[in-house]
Every structure is written in structure tokens, then in C-alpha cells.
Amino acid sequence: MLVVRPAGPSDLDSLLELAILSGPGFTSLPEDADVLSERLDISRDSFAGKLAPQERWYTLMLEDTATGDVDGVGSVKAAVGLKRPFFSFRIVNHTQSSPSMNVRLDHQTLVLVNECTGWSEVGSLFLKADRRKGGAGRLLSQSRYMLIGADPELFADNVLAELRGVFTPDGACPFWDHVAHKFFPMEFDDADRMTGSTDKQFIVDLAPRHPIYIGLLPEPARAVIGKVHPQGVPAMALLESEGFRPNGLVDIFDGGPTVACQRDNIRTVRDARTLTLSVADEVDVELVSLASTDSVTAFRAVRTRVAIDGDTAHMTREAADALKLKPGGVVRVKS
């Protein structure tokens with residue numbers, strides 16, 4: 001059975017493998033063992049409640065209980081932009097007109113902003129290629145919202161997600177090559193690494209201070225603004241199914257879109273029910289549901305068949321064991 005569970009320091013090798021597989025542009029998964037080790041320490045302390053709520057960054061691993069293999073990662077960051085700026089480009093519409101010439105022109109510009117301070121962020125969603133079928137991606141994605149729903153007050157009223165922008169098959173990034181690189185004279189990988197491991201002062205120092213007119217950019221750059229990397233299309237679909245929508249912000253390096261939703265309007269947060277667990281030898285229902293603990297500290301999530309009878313959730317011993325719950329315990333279920 002696949003289970004989503006908290007990540008900790010012992011997951012370093014698995015997380016590094018996933019970071020390498022994720023490829024360029026995945027800022028939250030750098031191929032840097034030291035950075036990832038620090039992140040796993042933060043995850044351990046976040047789940048243990050040892051950090052202030054807004055400093056917590058919960059990392060989740062998708063594990064096959066039969067083999068112990070770790071096949072995916074996801075995360076929830078309690079708040080962004082508090083200690084380090086959270087920069088984006090906002091797409092701004094400008095209208096200019098000349099009544100004397102009977103001319104009206106609509107222009108779009110990119111303007112550097114830092115608008116999402118204090119928002120929560122769901123991110124780092126990545127699965128190995130052979131796990132991208134059979135509901136594993138949905139389990140990993142939705143588990144983040146089940147975590148939020150277990151204690152909503154630990155998270156902000158608004159939740160965002162950044163999606164990776166477009167890269168060509170050979171690893172080139174049109175938006176970086178034609179736009180961002182003009183302001184950041186370094187390799188994309190270096191800028192990407194510095195974004196995740198420094199205070200971002202280099203962005204403050206070098207980023208454009210004036211609007212960039214999109215119409216003046218080369219066509220390859222214009223074509224990818226706000227577009228998602230092909231590998232991110234399923235993730236975008238899952239986000240949209242939860243109620244996330246583009247909010248007019250794009251990444252300053254790869255041009256990928258940002259989507260957002262109010263915390264309490266996220267479908268899984270809103271619709272999951274808190275029930276009492278009953279263990280059954282068999283559960284005779286066709287529908288597979290999402291089930292999790294009702295605890296951030298002891299968070300675990302699975303997809304399994306659940307028969308609901310009033311305020312009771314009947315599931316198999318295997319599912320209960322995967323959640324580390326006993327009969328009579330509290331389980332959250334999203335059908």
C-alpha cells in the first residue's frame with residue numbers, strides 16, 4: 001500500500017534521488033545534499049511542533065509499505081516571504097489611447113512584486129515516472145490539503161502554488177534565455193540554487209526596477225509566459241480540481257504560473273469529514289477514498305476503500321495499520 005508520511009533526516013538519500021530526477025527549474029528540490037539535509041531537519045522539527053507555526057515547512061514522502069521505497073515528495077510551507085522576499089512578476093495590463101488619432105493600444109507588462117507575504121504554499125510535488133498512474137499523484141497532492149485540514153489555524157487564509165515553467169527537451173528555458181538572464185548574468189542552475197539557499201539579496205540588487213513590455217520580447221519568450229512545464233500539466237489539473245486558479249503572477253526566472261485559493265475553499269480541506277475508525281475484514285464498496293489521520297504531528301494518508309455509516313468509517317486492517325490508527329481512533333475521509 002502507498003502511504004504519505006512525514007519526512008525526516010533519514011530520508012536524505014531518497015530526497016536527493018528525487019531532486020536529481022526532477023530536473024532543472026524545480027527550485028524547491030535543488031541537487032544539493034546540504035540544502036536538502038537542512039530542509040529535512042526543518043520538516044522533522046515542523047511536525048514535532050518545535051518551530052514557530054509560521055516557520056514550519058512540512059515535507060511529505062510517498063512510500064510503498066511493501067518495499068519501503070520512497071517514490072514521491074510533496075510539501076506545505078506554512079508561510080512565505082517573512083524572512084526572505086517572495087518575488088514574482090505580475091502581468092499588468094496598460095491601455096493607451098489617442099482620441100485625436102482614434103487609436104487605442106493595450107499593452108501587457110511584467111512588474112516585479114512581492115505580494116504574497118505570509119501566504120501558505122503547497123509545492124515540491126514530484127513523483128518517479130513509474131508512479132504517475134493509478135492515483136499515486138492524486139494521493140500525494142491531496143495529502144497536502146488533508147494536512148492543512150487537520151489543523152487549519154496553523155496555515156494562512158490564502159494558499160498558493162508555483163508551477164514550473166516551460167523548458168525545451170534539451171533543458172533550455174526560453175523565458176530565462178530571453179528575459180531573466182539579461183538581468184542575472186549567471187547560469188539558470190546557479191540562480192535557481194541561490195533562490196533556495198540565500199536571502200535573495202541578489203534579486204533585490206539585480207532585478208528590473210521598471211516594467212518590461214511583453215510585446216517587445218522575442219516570440220519564444222512571449223509564448224511561454226504563464227505556461228506550465230509539460231511534466232507539470234497533471235499537477236496543474238489537480239490544483240484546478242481543488243479550486244486553485246491563476247492569480248496573474250509568474251516566476252521571475254522561468255515564467256511559470258502561480259495559482260492560488262483561499263484555504264477554506266480548497267475542496268479537500270472543505271469536504272473532508274472527521275469520523276470514528278472501525279476496522280473490518282472486508283470493505284464492500286467500489287469507491288476509493290482519501291483517508292488520513294486528524295493530527296499534524298502524526299500525519300499519514302492513504303487511498304483506500306472506506307464504508308461510511310453515520311459518523312463511522314469502516315476500513316481494512318491494512319489501511320488502519322498504514323495510518324497507524326487503532327479502532328475507535330479519529331480518521332479524516334474525503335470521498
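Let me start with a cluster: ring pairs join F167, W176, F184, F188, F202 and F253. A pair here means Phe, Tyr or Trp rings (for Trp, the six-membered ring) with centres within 6.5 Å; planes under 30 degrees apart are called stacked, over 60 edge-to-face, and the rest tilted.

Before I go on, this is a predicted model, so local features need pLDDT of at least 70 and side-chain atom pairs count only at pLDDT 80 or more, while totals for chains, interfaces and linings use all residues. Residues are numbered from 1 along each chain as its sequence is written, and side-chain values use heavy atoms, with hydrogens and water left out.

Back to the rings. How many aromatic pairs does the structure hold? There are 10 aromatic pairs. In one of them, the ring centres of F89 and F175 are 6.3 Å apart and the planes stand at 65°, so this pair is edge-to-face. F89 is in strand 4 (residues 88-98) and F175 is in helix 4 (residues 174-178), so the pair ties together parts 86 residues apart in sequence. Helices (H or I, at least four residues) and strands (E, at least two) are DSSP runs, numbered from the N terminus. Both F89 and F175 are buried. By buried I mean under 20% relative accessible area; exposed is over 50%, and partly exposed is in between, with a 1.4 Å probe and protein chains only.

Next, Y145 and F244 make a tilted aromatic pair, at 5.9 Å centre to centre and 35° between the planes. This pair also links distant parts of the chain, with Y145 in helix 3 (residues 136-150) and F244 in the loop between helix 8 (233-242) and strand 9 (245-250), 99 residues apart. Y145 and F244 are both buried.

One ring has a charge over it: the charged end of K77 sits over the ring of W57, 3.9 Å from the ring centre. The criterion is NZ of Lys or CZ of Arg within 6 Å of the ring centre and within 35 degrees of the ring normal.

Now two single residues. M236 lies in helix 8, and its relative accessibility is 11%, so M236 counts as buried. What does M236 touch, leaving aside residues up to four places away in sequence? The contacts are L163, V228, P246 and V259, where contact means heavy atoms within 4.5 Å. M236 and E162 are 74 residues apart in sequence, and 9.6 Å apart in space, C-alpha to C-alpha.

Last, D11 is in the loop between strand 1 (2-6) and helix 1 (12-22). Is D11 buried or exposed? With a relative accessible area of 5%, D11 is buried. Not counting residues up to four places away in sequence, D11 touches R5, P6, L40, M61 and V70.
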